[in-house]
Amino acid sequence: MQVRRSLRNRVAVTLAVFGGAVSLALAAIIYLASQDLERRLIDETLTAELDDYVVRRERNPHSLPERTATIRAFVISPEGNSTQVPKVVTGLPPGHHRLVLEGIPYRAAVRSVGEQRFAVLYDVTALKRREQGFLLMLGVSVLLITLISAFAGRWLAGRTIAPVTELIRRVSERHPEEEAPPLLAEQFPWSEVQRLAADFDNYLLRLHDFIERERLFTGDVSHELRTPLAVIQGATELLMADPELDHKNRLRIARIDRAVTEMGEISGALLALAREQETTAVDTGDCDVVAVVEELVA
């Protein structure tokens with residue numbers, strides 16, 4: 001059994017997939033752009049902190065490295081007196097890096113000044129939490145846009161294919177037997193629907209002409225064919241009633257009578273088929289096969 005598919009649902013699914021794909025692409029672009037912007041802002045903050053700390057160390061070589069809730073600074077000197085600097089920080093080359101220190105994610109900036117290297121770390125834990133929330137919000141937005149696209153697509157599809165639905169309704173109400181039915185193509189202003197309606201009009205006109213020819217044919221069969229058959233059958237009955245008819249001619253007339261009877265039955269069957277009579281269950285009863293065979297042989 002073939003599954004019936006709805007054009008309206010197909011349009012809705014297409015718009016939902018398109019809306020979901022577009023929203024997913026936009027969400028990915030926004031997420032990547034926000035990450036790049038945050039990275040740039042953090043790097044600028046780290047650069048400013050490095051500049052400030054280098055200036056303070058130049059004024060006071062004994063100035064302690066900065067340590068706040070989000071920022072940690074370290075000085076790596078070649079004399080080997082940087083025992084308080086973690087090994088993961090000691091091995092960092094100049095530039096910007098990502099690292100995890102004591103289970104906390106940091107963004108680091110390292111700069112060489114003379115024989116010393118300055119490292120400033122920025123705690124990005126809060127940023128990671130915000131990124132997760134932002135990513136969740138983007139996912140929910142994509143889902144909502146997809147659902148909205150599906151419902152809006154179904155509504156728009158219903159409005160878009162409304163002329164086709166109306167054409168289907170009007171076609172279902174038409175009957176080829178109607179005399180000169182009004183043309184469907186003149187009732188729709190849209191060119192695509194007009195072409196489809198014009199095709200239906202042509203088919204309906206052809207069916208109407210066919211039914212009209214069929215009606216004329218059945219009338220001719222009913223009158224022009226049955227009348228001669230009735231005349232022949234009446235003549236055979238009169239001949240069979242003649243007592244002076246010999247046996248040989250009587251057999252020939254009986255053969256003619258059987259042929260006329262068969263022609264009458266065939267004409268009736270053809271007329272029944274041509275008039276589209278409703279088929280009903282008929283109890284035919286038992287069939288004497290031997291009698292049928294003998295009749296056919298005769």
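D36 and R39 both belong to helix 1, three residues apart, which is about one turn of the helix. Helices here are DSSP runs of H or I with at least four residues, strands are E runs of at least two, and both are numbered from the N terminus. The two residues form a salt bridge in which the closest N and O atoms are 2.7 Å apart. The term salt bridge is used for a side-chain nitrogen of Lys or Arg within 4 Å of a carboxyl oxygen of Asp or Glu. D36 is partly exposed, at 29% relative accessibility, and R39 is partly exposed at 30%. Buried stands for under 20% relative accessible area, exposed for over 50%, and partly exposed for what lies in between (1.4 Å probe, protein chains only).

The structure is a predicted model: local features need pLDDT of at least 70, side-chain atom pairs count only at pLDDT 80 or more, and totals for chains, interfaces and linings use all residues. Residues are numbered from 1 along each chain as its sequence is written, and side-chain values use heavy atoms, with hydrogens and water left out.

D52 and R56 also meet in a salt bridge, at 3.1 Å from N to O. Because D52 and R56 are four residues apart in helix 1, about one helical turn separates them. D52 counts as partly exposed, with 40% relative accessibility.

## Salt bridges beyond the helix

There are seven salt bridges in the structure. A network of them links D36, R39, R40, D43 and R107.

Another salt bridge joins the side chains of R111 and D51, at 2.6 Å from N to O. R111 is in strand 3 and D51 in helix 1, so this pair ties together parts that are 60 residues apart in sequence. Both partners are partly exposed: R111 has a relative accessible area of 26%, and D51 is at 36%.

Four strands make up an open sheet in the order 1-4-3-2, with antiparallel pairing. The edge strands, each pairing on one side only, are strand 1 (71-76) and strand 2 (95-101). From one strand to the next, the twist averages 25°. Angles run from 0 to 180 degrees between N-to-C directions, and the axes are lines fitted to C-alpha atoms, for helices over the stretch in contact. Two strands count as paired if DSSP finds at least two bridges between them.

Strand 1 is joined to strand 4 by six bridges, and the two run antiparallel; R72 has L121 in strand 4 as its bridge partner. Strand 3 and strand 4 pair in the antiparallel sense through eight bridges, and the partner of R107 in strand 4 is Y122. The hairpin of these strands has two residues between them, and G114 there takes a positive phi near 65°. Seven bridges connect strand 2 with strand 3 (residues 104-113), again antiparallel, and H97 is partnered by A108 in strand 3. Six of the eight residues of strand 4 are buried, so the rest of the structure largely encloses this strand.

## Nonpolar cores

The largest nonpolar core has 14 residues, and those with the most contacts inside it are I42, L46, F118, V120 and Y122. Such a core is a set of buried Ala, Val, Leu, Ile, Met, Phe, Trp, Tyr and Cys residues joined through side-chain atoms within 4.5 Å. Helix 1, strand 1 and strand 4 are the elements that give two or more residues to this core. Helix 1 provides the largest share, five residues.

Leaving aside residues up to four places away in sequence, I42 touches R107, Y122, V124 and L127. Contact means heavy atoms within 4.5 Å. A second, separate core has twelve residues, including I76, L99, L101 and A119.

Helix 3 (residues 125-160) has 36 residues and reaches 51 Å from its first C-alpha to its last, close to the expected 52 Å. The expected span is 1.5 Å times one less than the number of residues. Its buried residues are L127, E131, L138, V142, S149, G153, A157 and G158. Among the elements that cover the buried residues of helix 3 are helix 1 (7-59), strand 4 (116-123) and helix 4 (162-173).

T261 is found in helix 6 (residues 247-274) and is partly exposed, at 30% relative accessibility. Its C-alpha atom is 7.7 Å from that of Q233, and T261 and Q233 are 28 residues apart along the chain.
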